[in-house]
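The exercises below are meant to be worked with the sequence and the structure open side by side. Try each task before reading the solution that follows it.

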2 protein chains.
Amino acid sequence: MMNTPAPRDATALAGDLAAGRTSAVALARAALDRIAATNGDWKIFITVAAESALAEAAASDARRAIGKALGPLDGIPIAIKDNIDVAGMPTTVGIAAYRDRLPARDAAVVARLRAAGAVILGKLNLHEGALGATTDNPAYGRCENPRVPGSTPGGSSGGSGAAVAGDLVTIALGTDTMGSVRIPAAYCGTWGLKPTKGLVGTSGLAYLSWTLDTIGPLANSAADLAIAIAIMAGVDSDDPRSVDAPPNWNPAPVATDLAGLVLGRPSVVDAVACEPEVRAAYDALLARAEQAGAIIRDVAIKGWDTGKARRAGLLISEAEAGSLIGHDLDTLGGGFSDGFRGFLNYGRKASGERIAAAYHALDRLGLAARQALDGVDALILPTAPQRAFAHGSPAPADQADFTALANIAGLPAVAFPLPGDKPNSAQLVGTAFAEGRLLGIAQALSETRDR
Amino acid sequence: MMNTPAPRDATALAGDLAAGRTSAVALARAALDRIAATNGDWKIFITVAAESALAEAAASDARRAIGKALGPLDGIPIAIKDNIDVAGMPTTVGIAAYRDRLPARDAAVVARLRAAGAVILGKLNLHEGALGATTDNPAYGRCENPRVPGSTPGGSSGGSGAAVAGDLVTIALGTDTMGSVRIPAAYCGTWGLKPTKGLVGTSGLAYLSWTLDTIGPLANSAADLAIAIAIMAGVDSDDPRSVDAPPNWNPAPVATDLAGLVLGRPSVVDAVACEPEVRAAYDALLARAEQAGAIIRDVAIKGWDTGKARRAGLLISEAEAGSLIGHDLDTLGGGFSDGFRGFLNYGRKASGERIAAAYHALDRLGLAARQALDGVDALILPTAPQRAFAHGSPAPADQADFTALANIAGLPAVAFPLPGDKPNSAQLVGTAFAEGRLLGIAQALSETRDR
């Protein structure tokens, strides 16, 4: 089945299914074959659920045969980061100790996707505990970057980026605490969306930080991200931070003319030392945007300090995750790496004064970031300061310095690929619930060409 | 001037001003005289700003004389709890160390009231640091309860309840972290409103807990609370938790027929041992409501535990306040009571794991409380388990066990007086932004009589 071309776009697949050019079972079989052929090397999947996936695909085909197809995701194979519960599959969170931990039911977001007919192929590798961005997982393997052999796919949703980049699925779910959807999107050359805080319910997610975590899709196009997020969004009665989207919310990419559009270039861009190729690609993108009539405006984010933001976000993540699994850390012995255990114990033992100050810092930084959007259509930044780097080389401390802003501010952000041989990426951050607007701007920017 | 009758209702005062039956200067003079005559005994005001108040009153009268009166609060004397900044007056927070701390400008909510023409008489006594509910303040005096001589007015906004109950002002601002507006309203026999989280901006408030604090008015009627909150509400660009009210938000009490209304009686009511007179008055209120056609429905709040809620709210308050003024605690020596210092140092030194777990508990409890409103028009509870008690007797640990729910859930709550010789009170909790609805129900309930 490896000779079945792997389609890269769920929108196209949905068209093929609707026209009868393929079937959900054929799509699932092709994907499962490709996973089977690659996973030994690539370590992208932790769990492959061939049997249930084929059954779901057959059910989809049966629905379609009687004219009862459920919508654009019906019959489309997808995969889920392994910190999000899927009934019948372990939720390892990338942690050895949780290898056999079976959830009682689907996470809210998985239930929504399942109800829309998506076929769930399995669970994706991630950085241990979602706390880190290389996905060189000590228990579940060194996840390969299919577009940059030998390099990290980023993380913590490394398997999600790799699964899309490796043409194993067209849509994968990731989670994003400080950048964990967008960094792998950048390193793997895919699109990634971190939605507005509260838009996608998080019950059934093994939180790293309930304050910062969001669940978002990775895919190969703005259209596919929109299809996914339209189904993922919705009130989750078991998530204290779940919110109703405005009545007119619509994530479909808004057709955008760049002429007259105002893009804010935050001062943080100059405060982080980027790999030269990242900065060059970003500057070239801004130049193309200006050629197309966009206005680039320098914007300051009052009080923003990348080190302060990073430390506060990390400390809160360590304390929150530590409070949730501290008992396991103390009792399950060797099921956690020393590094991971050390991070969480640091948060657990930090003083209440420091923890409260970190929450306060996040509040103030978030407010400043939201205010930086006054008078601009979106902020535009590189996604990560560097491109994918070789597995085994030390992880830079600044991987999330451009992405954490959207988490801290609770705002939506889209990472999208830039031209070049090796994956490179830019990022747009917009106002709350502006997913459709952001996707439209990103689409327009990604279509600009040098004149 | 003490022979000028002290009007108890700002709505009536506004009518008198509009009709030319009195002037803002006359009202301010009468109030200042009454304060001067009582404050030595009552210790209700920490700062009295006679000169600026009279100037503001004269300006109000001048506006009115040329037909430019600003609205229902123009020329009405009000007073502000002394943890909210008013330019030109110290913000002591009820703490000795801060006796001379002058703020640079008005708090956002004070600026709104000032812009509406309210005349600010001064700053009101409170429990030290707003952390406690007796207002027996070691630095600024034992605040008297004008309706129950020798007893506490409650707290932490004890001065606010006492100022209204003592007919010094018709509207006073308080702050409410776990019940600090509603407890003094209950003990003093006034009305008190804790608004929806984020509705009233909190910049310029000396936070006890930025997570739980809200600013709300105390007054002698639902109508007066509505007049005050209508002006107090509004986006505050320097408050990270400020939110826009829905476009149709209106706090004016909604005329309410109790017939068919569904009032939820939360299980917490039976979980707290009340003073018999409190429980009797509450039960009698429910009986009257039923006689008027209301349906009383028992509702469970999933996982609610008064001890857990109290401990989590207290720990977060101690840690948050501790993180804000920890440096002062360490360096300003004797300017804090040992008790207050001990509470904050406890929060400062608690482990990150405990602090994060407390935040998580608040999140889960808040969700459960919001869900308890499904299918009911409001929750109805006693306001406090006890009535005002003698100054000097030990403060019960359960003072906030009925009020903390609304803070933890971010919901609006109204405390209103019940019949009886000694002040007694019930409380309604409603859905977000339902201030007008709650005030209307409270008004209707307060008009029920035994048949």
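**Exercise 1: strand partners in the sheet**

In chain B, B:Val262 stands opposite B:Ile295, a residue of strand 10. The model examined here is a predicted one.

Task: Work out how many bridges join strand 9 of chain B to strand 10 of chain B, and which residue of strand 10 is the bridge partner of B:Pro266.

Solution. Begin with strand 9 of chain B, which covers residues 262–266 and is joined to strand 10 by 5 bridges, the two strands running parallel. Then follow the pairing to B:Pro266, whose bridge partner in strand 10 of chain B is B:Val299. Now turn to strand 11 of chain B, which also runs parallel to strand 9 and is joined to it by 2 bridges. In this second pairing, B:Gly264 has B:Leu379 of strand 11 of chain B as its bridge partner.

**Exercise 2: the whole sheet and the helices across it**

Task: Give the order of the strands in the open sheet of chain B, and explain why one side of strand 1 and of strand 10 is left without a neighbour in the sheet.

Solution. Tracing the sheet of chain B across its 11 strands gives the order 1-3-2-6-8-7-12-13-11-9-10, and the pairing is mixed. Strand 1 (45–48) and strand 10 (295–299) of chain B are at the edges with a single partner strand each, and therefore one side of each has no neighbour in the sheet. On average, neighbouring strands of this sheet are turned by 25 degrees against each other, when direction is ignored.

Next, place the helices. Helix 3 of chain B, residues 50–65, lies across strand 1, strand 2 (77–81) and strand 3 (119–124), and it runs at about 155 degrees to strand 3. Helix 9 of chain B, residues 276–291, lies across strand 9, strand 10, strand 11 (378–382) and strand 13 (425–429), and it runs at about 130 degrees to strand 10.

**Exercise 3: a pair of helices**

Task: Describe how helix 2 of chain B packs with helix 3 of chain B, using the distance and the angle between their axes.

Solution. Two packed helices are described by the distance and the angle between their axes. For helix 2 (residues 24–42) and helix 3 of chain B, the axes come within 7 Å and cross at roughly 160 degrees. Because of that angle, helix 2 of chain B is roughly antiparallel to helix 3 of chain B. Helix 2 of chain B contributes B:Ala24, B:Val25, B:Leu27, B:Ala28 and B:Leu32 to the contact, while the residues from helix 3 of chain B include B:Ala53, B:Leu54, B:Ala57 and B:Asp61. Sorted by class, the contact between these helices has 10 nonpolar, 1 polar and 1 charged residues.

**Exercise 4: domains and copies**

Solution. In chain A, 15 residues of domain 1 are in contact with 13 residues of domain 2, and the side of domain 1 that touches domain 2 divides into 10 nonpolar, 4 polar and 1 charged residues.

At the interface, 22 residues of chain A are in contact with 22 residues of chain B. On the side of chain A that touches chain B, the elements giving two or more residues are helix 10 (306–331), helix 11 (338–349) and helix 12 (352–371) of chain A, and helix 12 of chain A supplies the largest share, 10 residues. By class, this side of chain A has 8 nonpolar, 8 polar and 6 charged residues. Since 100% of the interface residues of chain A are also interface residues in chain B, the copies meet through the same surface.

Note on methods:
Residues numbered from 1 in each chain as written. Chains lettered and ligands numbered in written order. Predicted model: local features only at pLDDT ≥ 70, side-chain atom pairs only at ≥ 80, totals over all residues. Pairing = 2+ DSSP bridges. Helix = DSSP H or I, 4+ residues; strand = E, 2+ residues; numbered from the N terminus. Axes fitted to C-alpha atoms, helices over the stretch in contact; angles between N-to-C directions. Contact = placed C-beta atoms within 7 Å. Parallel < 35°, antiparallel > 145°, perpendicular 65-115°, else oblique. Nonpolar A, V, L, I, M, F, W, Y, C, P; charged D, E, K, R; others polar.
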